[in-house]
Amino acid sequence: MPEPLPIFDAHLHPEGLSDQDLESMRFFGVERALVVAHHFPEPTSKALLRHFDDVVERQLPRLEKVGIRAYAALGVHPRCIPRRGLSEVLSALPDYFQGGRVVALGETGLHAGGEEEEEAFLEQLALARSLKLRVVVHTPLADKERHTRRILMLLRQSGVLPSRVLVDHATARTVRTILEVGHWAGLTLHPEALAAERAVALVRKLGSERLVLNSDAGDGAGDILGLARVANLLSKARLSERVVRRVARDNAARFFQVGT
Ligand SMILES: [Zn+2]
């Protein structure tokens with residue numbers, strides 16, 4: 001059997017996965033991963049900070065234990081905005097960026113849209129701007145194009161450098177616009193959103209520039225082997241090895257500045 005292609009999963013929620021799932025991911029080529037702060041019911045500022053601590057103190061070591069080099073993005077998900085105390089959460093965030101393992105703010109963005117979400121998004125972008133952080137931006141499954149347009153507008157308003165922003169869960173209909181304005185785009189292999197064959201077709205069309213692959217595994221009906229399947233299809237797709245390595249691993253390492 002040939003060695004699996006080395007993969008950097010740029011969006012993972014390991015608290016929703018078993019150790020066995022993580023071992024399978026490692027076995028099928030995932031060498032590095034970005035653990036992204038998630039949403040949960042009844043968010044409070046205390047629960048959010050507990051979640052951040054769990055990501056750093058428990059989830060990163062769980063991945064390292066199975067041989068996956070792990071980094072984190074911390075932020076307030078649009079589905080997880082506390083009714084009170086957002087500013088408390090945001091003022092605690094900078095400390096997390098000290099140790100070198102928390103490499104981005106996220107995921108932030110819009111889910112259902114509306115004033116509350118936009119305000120929380122903009123506040124986090126202001127923080128990212130002042131601390132010069134990378135940002136991982138969530139775009140929702142429902143009404144993807146409309147929300148993505150709005151997100152791109154808010155990003156422009158925020159003054160964050162476009163090259164420091166990864167707009168995630170992009171589709172065939174949104175990926176071009178995202179790349180055109182200078183952002184990075186995340187393609188999420190998800191049974192409900194983007195099939196492996198479709199992702200390969202997109203890479204074939206767009207090339208590898210600023211494209212990053214991820215699984216979003218751990219969030220509902222994710223697919224822990226989706227990335228391995230794409231990597232396999234990419235290697236067979238008569239694309240240059242450089243293109244394949246870039247989208248599967250090197251681009252993510254470059255965007256999050258963790259060495260290639
Ligand atoms: Zn996610």
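Student: Which hand does the crossing of α7 and α8 have?

Tutor: A crossing is left-handed if the near helix is turned anticlockwise from the far one by less than a right angle, and right-handed if clockwise. Here α7 passes α8 in a right-handed crossing. The model is predicted: local features need pLDDT of at least 70 and side-chain atom pairs pLDDT 80 or more, while totals for chains, interfaces and linings use all residues. Residues are numbered from 1 along each chain as its sequence is written.

Student: At what angle do α7 and α8 pack?

Tutor: Axes are lines fitted to C-alpha atoms, for helices over the stretch in contact, with angles from 0 to 180 degrees between N-to-C directions. Helices are DSSP runs (H or I, at least four residues), as are strands (E, at least two), numbered from the N terminus. Helix α7 (residues 196-206) packs against α8 at about 45°, and their axes are 9 Å apart. That makes α7 oblique to α8; angles under 35 degrees count as roughly parallel, over 145 as roughly antiparallel, 65 to 115 as roughly perpendicular and the rest as oblique.

Student: Which residues make the contact of α7 and α8?

Tutor: Contact means C-beta atoms, placed from the backbone, within 7 Å. On α7 these are Ala-196, Glu-197, Ala-199, Val-200 and Val-203, and on α8 Gly-226, Arg-229, Val-230, Leu-233 and Leu-234. They divide into seven nonpolar, one polar and two charged. Ala, Val, Leu, Ile, Met, Phe, Trp, Tyr, Cys and Pro count as nonpolar, Asp, Glu, Lys and Arg as charged, and the others, Gly among them, as polar.

Student: How do the axes of α3 and α4 cross?

Tutor: Helix α3 (residues 86-96) and helix α4 (residues 115-131) have axes that come within 11 Å and cross at roughly 20°. They are therefore roughly parallel to each other. Their crossing is right-handed. Leu-86, Leu-90, Leu-93 and Pro-94 in α3 meet Ala-120, Glu-123, Gln-124, Leu-127 and Leu-131 in α4. The division of these residues is seven nonpolar, one polar and one charged.

Student: Where is Ala-217, and why does it count as buried?

Tutor: Ala-217 lies in the loop between β8 (211-214) and α8 (226-236). It counts as buried because it has 28 C-beta neighbours inside 10 Å; 20 or more make a residue buried, 12 or fewer exposed, and numbers in between partly exposed. Leaving aside neighbours within four places in sequence, Ala-217 is in contact with residues including Leu-12, His-13 and Leu-17. Asp-9 is 208 residues from Ala-217 in sequence, yet 9.3 Å away in space, C-alpha to C-alpha.

Technical notes
Two residues are in contact if their C-beta atoms, placed from the backbone, lie within 7 Å.
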